[in-house]
Amino acid sequence: MTRVLVIGSDRYLVGAAVARDYEVVVVRNASASRGGLARFPKDVVELLVDDQTSIEQILIRLGQAGLTVHDFDGIHTNFEESVVATAALASLAGRPGLDPSQAAVMRDKYLQKQRMADSGVATAR
C-alpha cells in the first residue's frame, strides 16, 4: 500500500489520497486541530506538532509514532510556510521533491532577486 506524509491541513489532498486507498499520515499544527479547521477521515493518522515548519518537531513526532521519513512513498505540502521543511524531509528520505536550497529560494524574495540578477535579469531593489 502507498503511504504518504502530508504536512499541513490539506483536506482535499488527504481526501484524494484516501479515495485511492493510500495510507495517509498528516502532520499539522496542534492549533489547527483545536480550531477544527480540517477534519480527516477516521483512517487518517494525525500527528500534532507546535510548528509544522520545524523539521525537528516533525521528525521527533514521527519517531514518537514509530515512523521515519523513510516509511513514506511521498511527502507533500500545500502550506507555503512548510515548503522548505517538506523539501528537506523528502531529500532526507530520498523521495522526489524540490531541492531544499531551491525551496529556500522560493520562500525568500532577496534570494529570488539575487538569482535573477546572477542570470542577467534586471530586478527591483
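Predicted model: local features only at pLDDT ≥ 70, side-chain atom pairs only at ≥ 80, totals over all residues.
Visitor: Where in the chain is confidence lowest, and where is it highest?
Guide: Overall, the chain averages a pLDDT of 90, and 96% of the residues score at least 70. Confidence is lowest in helix 2, residues 30-34, with a mean of 75. The top spot, at 98, goes to helix 3.

Visitor: Which element gives the most to the largest nonpolar core?
Guide: That core has 15 residues, and Leu5, Val27, Leu62, Phe72 and Ile75 touch the most other members. Strand 1 (3-7), strand 2 (23-29), strand 3 (45-49), helix 3 (55-64) and helix 4 (83-93) each give it two or more residues. With three residues, the top giver is helix 4.

Visitor: What does Ile75 touch, leaving out residues up to four places away in sequence?
Guide: Ile75 is one of the core residues that touch the most other members. Leaving out those sequence neighbors, its contacts are Leu5, Val69, Thr86, Leu89, Ala90 and Ala93.

Visitor: Does Leu59 count as buried, partly exposed or exposed, and why?
Guide: Leu59 sits in helix 3. Together with Ile55 and Leu92, Leu59 forms a nonpolar patch on the surface, with about 230 Å² of accessible area together. Buried means under 20% relative accessible area and exposed means over 50%. Leu59 has 33% relative accessibility, so it counts as partly exposed.

Conventions
Residues numbered from 1 in each chain as written. Heavy atoms only, no water. Core = buried A, V, L, I, M, F, W, Y, C linked by side-chain atoms within 4.5 Å. Buried < 20%, exposed > 50% of the residue type's maximum accessible area, 1.4 Å probe, protein only. Helix = DSSP H or I, 4+ residues; strand = E, 2+ residues; numbered from the N terminus. Contact = heavy atoms within 4.5 Å. Patch = residues over 30% accessible without salt bridge, like charges linked within 9 Å, V, L, I, M, F, W, Y side chains within 5 Å. Areas by Shrake-Rupley, 256 points an atom, 1.4 Å probe, with all protein chains shown as cover. Salt bridge = Lys/Arg side-chain N within 4 Å of Asp/Glu carboxyl O. pLDDT = per-residue confidence, 0-100.
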